[in-house]
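Dear colleague,

Please find below the sequence and the structure that I am handing over to you.

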Amino acid sequence: MGGERFDGGWHVDERCTNCDVARQLAPGLIGEADGLSVVLRPPRDRAEVRQLHAAAYACHTRSIHPPEGRLDAALDPFPMALDDGVYLCGHNSTRTAGANSYLLRRPGGTTMMIDTPRWSAPLAARYEALGPVTDVLLTHRDHAAHGRRYADRFGARLWIHEGDLDAAPDADHVLRGTEAVPIADGVVAHPLPGHTRGSVVYVADERYCFSGDSFYWSRTTGDIEVAESVTWYSIEALAASLARTAAGLRFEWLLPGHGDRRHLPADDMAARMRRLTDRTRELRPRAVDFTALRW
């Protein structure tokens, strides 16, 4: 195949925004240096070439390049199964700051999209090939860019919280207040004001937690963390939201928009969420600073 050379030449160009997506998908092959992603070494086998292609096809700035200069379309892995019930969309969008998005399979053969990848009709066809998409669930305003377009293509319902409604004013369903709301069989929306006024966490089947930018798995600390240096609305509101909500969240998969994913036993996740709630209570407001974020 055109992308499967095992010599050097892979590189990351200067458009990299240090969003961490490539490092999540190609650990050991792509790392961080001076606040940007860099290729650490060339791939040694076919599996590593595929990892680099996954990173390249997810990169929102298309900054990762193979020796040939063009990626091999046959090695585009997205949507990529993470588990039997959830897929990573890949093809992250510059209009969502490179956020990850997901597809959630439901027992009847339908799917839900959580946040949005970049828009294109061919990508939409790929995603709906997994099953009819009934709902597009937006976790908050920063990830709303392509929501209406995907929802219209799928004939799906678009969801957002009233606190971020101006980012998707034509949403079909508007979540209100701070109480948990069942939105489908096995799927519950938990409003979590903090990162933005209208942030929402979606939990499915007490197994999958789509946390948006409210909290994520940090490889630096080896734990669940909040992104305190990029909290746009209020860190105090986020602390209050966690105090109100965290004890009722039951999940095994943490699936954030930004930051890494993690699969752990539900009891372990619950204990970590309790400790996160306690740590967040001690935080104080600070200026937004992307460079202070440690993935």
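**Asparagine 100**

Asparagine 100 is placed in the loop that runs between strand S6 (86-88) and strand S7 (102-105). Please bear in mind that this is a predicted model. Is asparagine 100 buried or exposed? Its relative accessible area is 2%, and the cut-off for a buried residue is under 20%, so asparagine 100 counts as buried. The side chain of asparagine 100 forms a polar contact of 3.1 Å with the side chain of glutamine 24. Apart from residues up to four places away in sequence, asparagine 100 touches Val21, Gln24, Leu88, Asn92, Asp115, Pro256, Gly257, Gly259 and Arg261.

**Aspartate 135**

Aspartate 135 belongs to strand S9, which covers residues 133-137. With a relative accessibility of 1%, aspartate 135 is classed as buried. Which side chains make polar contacts with the side chain of aspartate 135? One of them is that of threonine 134, at 2.6 Å. Another is the side chain of arginine 157, and here the polar contact is 2.9 Å. When neighbours within four places in sequence are set aside, aspartate 135 is in contact with Thr111, Met112, Met113, Ala156, Arg157 and Trp159.

Glycine 85 lies in the loop between strand S5 (80-81) and S6. Its relative accessibility is 8%, so glycine 85 counts as buried. Leaving out neighbours within four places in sequence, the residues in contact with glycine 85 are Leu103, Leu104, Arg105 and Tyr208. How far apart are the C-alpha atoms of glycine 85 and tryptophan 232? They are separated by 32 Å, and the two residues lie 147 residues apart along the chain.

Cysteine 16 is found in the loop between strand S1 (11-12) and helix H1 (21-25). At 13% relative accessibility, cysteine 16 is also counted as buried. Cysteine 16 and alanine 47 are 31 residues apart in sequence, and the distance between their C-alpha atoms is 24 Å.

**The protein as a whole**

The secondary structure of the protein consists of six helices and 19 strands. The radius of gyration is 19 Å, close to the 19 Å that the globule rule gives for 295 residues, so the protein is as compact as a globular protein of that length. Along the principal axes, the C-alpha atoms fill a box of roughly 55 × 40 × 35 Å.

What share of the 295 residues is buried? Buried residues make up 56%. Of the contacts between residues at least 6 apart in sequence, 59% join residues at least 24 apart.

The protein exposes about 12,200 Å², and carbon and sulfur atoms supply 50% of that area. As for charge, there are 35 positive and 40 negative charges, and the mean positions of the two groups are 1 Å apart.

With kind regards

Definitions and conventions
Residues are numbered from 1 along each chain as its sequence is written. This is a predicted model: local features need pLDDT of at least 70, side-chain atom pairs count only at pLDDT 80 or more; totals for chains, interfaces and linings use all residues. Side-chain values use heavy atoms; hydrogens and water are left out. Helices (H or I, at least four residues) and strands (E, at least two) are DSSP runs, numbered from the N terminus. The radius of gyration is taken over C-alpha atoms; the globule rule is 2.2 Å times the number of residues to the power 0.38. Buried means under 20% relative accessible area, exposed over 50%, partly exposed in between (1.4 Å probe, protein chains only). Contact means heavy atoms within 4.5 Å. Accessible areas come from the Shrake-Rupley method with a 1.4 Å probe; for residues, only the protein chains shown count as cover. Lys and Arg count as positive and Asp and Glu as negative; His and the chain ends are not counted. The place of a charge is taken as NZ of Lys, CZ of Arg, CG of Asp or CD of Glu. A polar contact is a pair of N or O atoms within 3.5 Å; within protein, one must be able to donate a hydrogen and the other to accept it, and residues adjacent in sequence count only if both atoms are side-chain atoms.
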